[in-house]
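Reader: Could you walk me through this one? I'd like to go through the metal site and then the sheet.

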Amino acid sequence: MKNIMTVLIITLALLNSKVSAKHYDVKLLTTDDKGQNMVMSPGFLKISPGDTVTFSPSDPSHNVESVSIPKQVKSFTSKMGQQFTHTFDQQGVYLYKCTPHFVLGMLGVIQVGAAQNLPMVMKDWSAMSAGVAMNKDRVNAYLSQVK
Ligand SMILES: [Cu+2]
């Protein structure tokens, strides 16, 4: 009887984690409705481990590529102009860019659960931000939302 209860509890817990996984959308925009150029919308997203994000480019010139991510996580790069869906299983802060528009500050930040790698992301960002010509403040504002 005890074993059956244990199996039941584990099954319910697993079902619950599947059901509670959420799905989010990020648009990769040449211009948003506020007149911002080369922008991820939303640029900062806080999600939970196991949640999924779909990145949708507004035109063929955009993609997403991981820039600074938790150590144990595999990097990702989407094909230009194509919708890309990614499940974020590992906790941490993910800084990512649009490959061709990095220099224009087209980056975004996704926080998945706890932000244990934030110091490394900040270090990476400060090292690479010299190569970004505009919208640096926007990226800083995203990073400042990580809590
Ligand atoms: Cu782009």
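Reader: Which protein atoms are the donors of the copper ion?

Author: This is a predicted model, where local features need pLDDT of at least 70, side-chain atom pairs count only at pLDDT 80 or more, and totals for chains, interfaces and linings use all residues. Residues are numbered from 1 along each chain as its sequence is written, and side-chain values use heavy atoms, with hydrogens and water left out. Donors are N, O and S atoms within 2.8 Å of the metal (3.2 Å for Na, K and Ca), and sites may look incomplete because water is not among the atoms. Lying 2.0 to 2.6 Å from the copper ion, they are His62 (ND1), Cys98 (SG), His101 (ND1) and Met106 (SD).

Reader: What arrangement do the 4 donor atoms make around the copper ion?

Author: Four donors count as tetrahedral if all angles lie between 85 and 135 degrees. Here the angles run from 95 to 131°, so the arrangement is tetrahedral.

Reader: How many residues apart in sequence are the parts that His62 and His101 tie together?

Author: His62 sits in the loop between strand 4 (51-57) and strand 5 (65-68); strands are DSSP runs (E, at least two residues), numbered from the N terminus. His101 is in the loop between strand 7 (92-97) and strand 8 (107-112), so the pair ties together parts separated by 39 residues.

Reader: And the sheet: which strands stand at its edges?

Author: It's an open sheet of 4 strands in the order 2-1-4-6, with mixed pairing (two strands pair if DSSP finds at least two bridges between them). Each edge strand has a single partner, so one side is left without a neighbour; they are strand 2 (37-41) and strand 6 (84-88).

Notes. Four donors count as tetrahedral if all angles lie between 85 and 135 degrees; four count as square planar and six as octahedral if opposite donors are over 155 degrees apart and all others between 65 and 115; anything else is irregular.
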